[in-house]
Amino acid sequence: MAYRLPARSVTVGELAARGMVDSTPDQLEHLGFRRLFVAEAETAYDLAKGAVKKLLRSAAVAPGEIDALIYASAIPEERPRRGGNLSRLFRYPATALQYEFEMTRANVIGLAQAGCVSFLSAIRVASSLLVSEPAIRRVLCVSADALPNGSRREVLYNLISDGGAAALVERGAARNRIVAHTQVTKGYFWDPKNKGNEIVAAYFATARHVIQETLDKAQLDMSEIALVVPHNVNRRSWDILRGLLNIPSERFFGPNIARKGHTIAADNAINLCDAVEAGKVKRGDYLLLFTFGFGAHWACTILEH
Amino acid sequence: MATLLVTGASGMIGRGLLDLWRRDCEILALTHKSPPPACSGRIQGDVTKPGLGLGREKYASLASRVKAILHCAALTEFTAAREEAENVNVRGTLNVLEFARDCRKLERIGVLSTAYVAGRRRGPILERELEHRAGFVNVYEASKYHMEKELRRAMKELPIAVYRLSTVAGNARTGRVEQFNALHRALRLFYNGLVPMLPGVETSKIDLISSDYAIDAIAHLFVRGFRAGQTYHIVAQESDLISLPEFVDLTAELFARFDRRWKSRAVANPPIVPLETFRLLEQSVERAGNPVLRQVVRATGAFAPQLCYDKRFDNANTLQAVRGTGIAPPGLRDFYPAVIRHCLRTRWGAEG
């Protein structure tokens, strides 16, 4: 796995001064946020490219050896413009990435409308491809999102960063074996603008259900999970969820909530990379990745490192 | 019983009793609200005022006639200000007792209370027990406890019996909810998909009774079975109690049975969490300032923490007193579906 964040980061105080959040800096810091990353010079595609470049270098895999590319994004890169050229709408970053990195063998799949679970969904689809199509050995999953320039950055008690992540899902890989995955989608909550309160109310119960079901599929108990790798939503909601699931603070990787904010779909990858680098994970550890995304989707993946 | 004075006659229990007794005795309803339909006479008064807010002549005339007092008036809001609750529930009762001392023909006083004077106690709760140091979940419980302490003192000189009710859900026969209370407000929030979690322990039992059982039991205990100095738990049968998780599941099943859209909304059953976890949610919501969620956690937090204190109300006194009368609490699984159907049909009381 690898990730790429924009060059520029700002504090919650700076964001508040620029009118990009609804809450006060004090409220945001209470929720656990201090700093987030804002793409000013970069596009989401640049962030995706940065993450892929880093991943291919570290994995020592030639682009020509990639059999499939899944490009997941929560926010469409191109938007229809009135009177604009229609062909603009069909410029896909997924195929551009395939061309730019010369992944000539890779079938390209776009994955959209899954919000913050896009990345975990891509990994799930990749592992299904490996199972269903014996000819496919390596799938590159990419996810990148950047809010439009000048966007407000606060949504439902969370602060949104821009960022991109990439993962190589490979048959018989030496690390991060996919043990179990669960995703639940509740279409009733499709409109976050009008269902915000109900989403907050449903969040904890459904999160607990999805995590518990994934543990059951993996035949594991929460006490056997070495590290919970979260999505970087507000710290208070994680305090509550940890209470619901008996997750001790020492087995929860939470520092990036304050340092990096919530990057829509890339959080789990960013946190896993940083946890490994910080020496928090050792070979054979079971890792639990959880995320929630507007749509509304709840997803959990357990990996064996 | 001749002349009976009822305070709080416009409340659910007061109205029900008036309907039962209107042919048997002269009923005077002391009220500061609209007059109940079944009383012989309405007396404008206020239990929180000295002399019940009556003029000297009216007070003397009333005191000379009254043979029985049933004190139902109470402030039952869990989120009321402490002073307000103490004023109505303690000061109001002291004023009624003061009036009772002036009633020369007085034979009996019945006072409605709550089984939750037991507050945060756990385990079996006997009817004769009162004093404890466990604390309370809300100001209603605390004020009723203080009221009962005053009643116990007064029992030495006045013929008082106390009727402690558990939570009244609705009429067992029709499902009709005469008075929507904290239970119904919480159920409505659950129905609307707005309850993130419930504080409680999974072994906690749900004690709900029907209004007709409550009325029949009080009517019998106050008239034929009156015994001064006694306290009665008017609660569910222990064999009919269901656990908190079973209650949540049953409620969701009933929502699905009576509303075909319920399932498509995919409302999650609220998880049952330790009080500390619920407090974290409360703090978060208070800080975030969302008015809807703030209202939800305040409404839930005002009574639901009681579900963390698993207890059983012993009702041996009541069972002995009603033996042979045919009066018995219906089982929750038998009457609760009709209550939920009524709530949904009337849109939680908004229609009829």
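On the surface, A:Leu86, A:Phe90 and A:Tyr92 form a nonpolar patch with about 370 Å² of accessible area together. This is a predicted model, in which local features need pLDDT of at least 70 and side-chain atom pairs count only at pLDDT 80 or more, while totals for chains, interfaces and linings use all residues. Residues are numbered from 1 along each chain as its sequence is written, chains are lettered from A and ligands numbered from 1 in the order in which they are written, and side-chain values use heavy atoms, with hydrogens and water left out.

A patch is made of residues with over 30% relative accessible area and no salt bridge; like charges are joined within 9 Å, and nonpolar side chains (Val, Leu, Ile, Met, Phe, Trp, Tyr) within 5 Å. A salt bridge is a side-chain nitrogen of Lys or Arg within 4 Å of a carboxyl oxygen of Asp or Glu. Accessible areas come from the Shrake-Rupley method with a 1.4 Å probe, and for residues only the protein chains shown count as cover.

Helices (H or I, at least four residues) and strands (E, at least two) are DSSP runs, numbered from the N terminus. A:Leu86 counts as exposed because its relative accessibility is 60%; buried means under 20%, exposed over 50%, and partly exposed in between.

Let me turn to charge. A:Arg4, A:Lys53, A:Lys54 and A:Arg57 form a positive surface patch. Helix H3 (residues 44–59) of chain A supplies its largest share, three residues. A:Lys54 belongs to helix H3 and is partly exposed, with a relative accessible area of 38%.

How many of the eight residues of strand E9 of chain A are buried? Seven are, and the strand (residues 163–170) is thus mostly covered. Strands E6 (residues 138–145) and E9 of chain A run antiparallel and are joined by eight bridges; two strands pair if DSSP finds at least two bridges between them. In this pairing, A:Leu140 stands opposite A:Leu168. Strand E1 (residues 2–4) of chain A is also antiparallel to E9, through three bridges, and there A:Ala2 faces A:Ala166.

Finally, consider A:Arg236, in helix H7 (residues 235–245) of chain A. The C-alpha atoms of A:Arg236 and A:Gly32 are separated by 7.3 Å, although these residues are 204 residues apart along the chain.

Notes. Lys and Arg count as positive and Asp and Glu as negative; His and the chain ends are not counted. The place of a charge is taken as NZ of Lys, CZ of Arg, CG of Asp or CD of Glu. Buried means under 20% relative accessible area, exposed over 50%, partly exposed in between (1.4 Å probe, protein chains only).
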